[in-house]
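Hi there,

Here is the structure I said I would pass on to you. Have a look at it first, then read my notes below.

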Amino acid sequence: MNSVKVIISNDQKDVKIPTGIRMLIRRCCHAVLELENFEGPAEVSVRFVNNEQIRELNSQYRNIDKETDVLSFPLGENGEYDVNMDTGAKMLGDIVISMEKAFEQAELYNHPLQREIGFLTVHSMLHLLGYDHEDGGLEAVHMREKEETVLTQIGWKRNNSYYMGDE
């Protein structure tokens with residue numbers, strides 16, 4: 001796999017972004033692409049928002065009027081992506097993370113905020129590559145296994161149970 005450019009923006013002031021988060025997100029994106037044997041350079045956008053902002057996006061794009069932890073906006077389909085003409089990178093899409101929700105879930109699952117943000121990034125990257133879990137079953141299990149494989153590779157092995165709830 002070639003390089004991955006990760007553009008990170010913080011559009012919220014509710015939760016302080018911990019030191020090292022930007023590097024963690026880049027590592028997560030790279031690890032997912034490596035696991036998937038992704039060919040060529042790639043580009044991903046990651047945006048931090050608060051619960052109100054993500055609720056608005058969830059309502060606008062999914063017709064679900066409540067906050068969620070992460071939203072994925074893929075730019076490709078069936079392995080076909082738009083290409084940044086300046087760089088030649090495949091534009092995978094956008095990841096939007098609610099820092100408030102990530103903080104709540106980190107406390108709920110009794111693990112560091114960094115691990116929660118890492119999980120949400122990996123989860124969303126898999127969505128950008130076409131994985132889905134909405135219908136449950138084997139596809140959801142397969143996606144969960146990939147998430148845990150990547151998190152283990154980057155040093156965030158799961159040590160608690162987790163809840164697969166609404167998204």
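This is a predicted model: local features need pLDDT of at least 70, side-chain atom pairs count only at pLDDT 80 or more; totals for chains, interfaces and linings use all residues.

Residues are numbered from 1 along each chain as its sequence is written, and side-chain values use heavy atoms, with hydrogens and water left out.

**The whole chain**

You can count five helices and five strands in the chain. Both kinds of element are DSSP runs numbered from the N terminus: helices are H or I with at least four residues, strands are E with at least two. Starting at the N terminus, the order is β-α-β-α-β-β-β-α-α-α. The radius of gyration is 15 Å, close to the 15 Å that the globule rule gives for 167 residues, so the chain is as compact as a globular protein of that length. (That radius is taken over C-alpha atoms, and the rule is 2.2 Å times the number of residues to the power 0.38.) Along the principal axes, the C-alpha atoms fill a box of roughly 40 × 35 × 30 Å.

How much of the chain is buried? Buried residues make up 46% of the 167. Here buried means under 20% relative accessible area, exposed means over 50%, and partly exposed is in between, with a 1.4 Å probe and protein chains only. The accessible surface of the chain is about 9000 Å², and 46% of that belongs to carbon and sulfur atoms. Those areas come from the Shrake-Rupley method with a 1.4 Å probe; for residues, only the protein chains shown count as cover.

Now for contacts, meaning heavy atoms within 4.5 Å. Of the contacts in the chain with a separation of 6 or more, 69% are between residues 24 or more positions apart.

As for charge, there are 17 positive and 29 negative side chains, and the centres of the two sets lie 6 Å apart. Lys and Arg count as positive, Asp and Glu as negative, while His and the chain ends are not counted. Each charge is placed at NZ of Lys, CZ of Arg, CG of Asp or CD of Glu.

**Two strands side by side**

Do strand 1 and strand 2 run parallel or antiparallel? Strand 1 (residues 4–10) and strand 2 run parallel, joined by seven bridges. (Two strands pair if DSSP finds at least two bridges between them.) Val-6 stands opposite Val-44 in strand 2. Strand 2 (residues 42–49) is mostly covered, with six of its eight residues buried.

Most residues other than glycine have a negative phi. Asn-63 also counts as exposed, at 71% relative accessibility.

Asn-37 has a positive phi too, about 50°, and is not a glycine either. Look for Asn-37 in the loop between helix 1 (21–35) and strand 2. Asn-37 is exposed, with a relative accessible area of 59%.

Leaving out residues up to four places away in sequence, Asn-58 touches Asn-63, Ile-64, Lys-66, Thr-68 and Leu-71.

Asn-84 belongs to the loop between strand 4 and strand 5. At 17% relative accessibility, Asn-84 counts as buried. Apart from neighbours within four places in sequence, Asn-84 is in contact with Glu-43, Ala-89 and Met-91.

**Two more to click on**

Gly-88 is also in the loop between strand 4 (82–83) and strand 5 (90–98). Gly-88 is partly exposed, with a relative accessible area of 38%. With neighbours within four places in sequence set aside, Gly-88 is in contact with Pro-41 and Val-83.

Last stop: Ser-124, in helix 4 (residues 113–128). Ser-124 counts as buried, at 0% relative accessibility. Which residues does Ser-124 touch, not counting those up to four places away in sequence? They are Val-70, Leu-71, Ser-72 and Ile-95.

Cheers!
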